[in-house]
Amino acid sequence: MTLEMLFSKIHRATVTDANLNYEGSITIDEELAKSANLYEGIKVDIVNINNGERFSTYVIYGEKHSGTICLNGAAARKVHTGDKIIIIAYANYSDEELRNYRPTVILLDDDNKIQSIKYEV
């Protein structure tokens with residue numbers, strides 16, 4: 001048996017842009033994405049703290065150290081610049097893997113700089 005569990009989360013990211021004229025996805029500062037173990041192409045759920053919207057998309061990397069959090073394509077209609085969002089990735093874990101389960105949780109400040117990183121729910 002496997003269980004779908006939290007793999008990684010970026011908490012309270014500030015949306016820096018919403019680009020309707022793009023194929024789709026969320027562009028995340030490469031440093032932030034890699035710190036959260038979010039690979040390019042990984043499926044993520046986006047939770048908009050400001051308006052309650054929840055939707056799925058995939059990650060692409062943006063410029064390192066830029067603080068970029070940009071929703072692209074149709075997802076751009078679900079956010080506004082300045083909104084606070086949570087970016088969540090899940091993974092399937094076996095019973096054996098869960099013995100050493102440690103998700104990555106990153107908390108950002110208002111400028112999308114890392115405030116803390118922890119490895120627990």
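## About the model

The model is predicted, so local features need pLDDT of at least 70 and side-chain atom pairs count only at pLDDT 80 or more, while totals for chains, interfaces and linings use all residues. Residues are numbered from 1 along each chain as its sequence is written, and side-chain values use heavy atoms, with hydrogens and water left out.

## The nonpolar core

The largest nonpolar core holds 31 residues. A nonpolar core is a set of buried Ala, Val, Leu, Ile, Met, Phe, Trp, Tyr and Cys residues joined through side-chain atoms within 4.5 Å. Buried means under 20% relative accessible area, exposed means over 50%, and partly exposed is in between (1.4 Å probe, protein chains only). The residues with the most contacts inside the core are Ile-26, Ile-28, Leu-38, Val-44, Leu-71, Ile-85 and Ile-87.

Elements that give two or more residues to this core include β1 (2-14), β3 (25-29), α1 (30-35) and β8 (104-108). Strand β7 gives the largest share, six residues. Helices (H or I, at least four residues) and strands (E, at least two) are DSSP runs, numbered from the N terminus. In soluble globular proteins, nonpolar side chains tend to be buried together.

## Three salt bridges

The whole structure has three salt bridges. A salt bridge is a side-chain nitrogen of Lys or Arg within 4 Å of a carboxyl oxygen of Asp or Glu. One joins Lys-34 and Glu-30 at 2.7 Å, N to O. These two are about one helical turn apart, because they sit four residues apart in helix α1. Lys-34 is partly exposed, at 44% relative accessibility.

Another pairs Glu-53 with Lys-78, with the closest N and O atoms 3.2 Å apart. This pair links distant parts of the chain: Glu-53 is in the loop between β4 and β5, and Lys-78 is in the loop between β6 and β7, 25 residues apart. Glu-53 is partly exposed at 29%, and Lys-78 is partly exposed at 30%. Asp-110 and Lys-84 also meet in a salt bridge (2.7 Å, N to O). Asp-110 lies in the loop between β8 and β9 and Lys-84 in strand β7, so the pair ties together parts 26 residues apart in sequence. Asp-110 is exposed at 57%, but Lys-84 is buried at 12%.

## A buried asparagine

Asn-48 belongs to strand β4. Its relative accessible area is 1%, so Asn-48 is buried. The Asn-48 side chain reaches the backbone nitrogen of Asn-50 at 2.8 Å. The Asn-48 side chain also makes a polar contact with the side chain of Asp-83, at 2.9 Å. A polar contact is a pair of N or O atoms within 3.5 Å; within protein, one must be able to donate a hydrogen and the other to accept it, and residues adjacent in sequence count only if both atoms are side-chain atoms.

## The recorded binding site

An unreviewed UniProt entry places the feature "binding site" at Thr-57, Gly-73, Ala-74 and Ala-75. They spread over 19 residues of sequence but cluster in space, with a largest C-alpha distance of 10.0 Å. UniProt annotations may be inferred rather than shown by experiment.

Ala-74 lies in the loop between β6 (69-72) and β7 (84-94). Ala-75 lies in the loop between β6 and β7. Ala-74 is exposed at 64% relative accessibility, whereas Ala-75 is buried at 12%.
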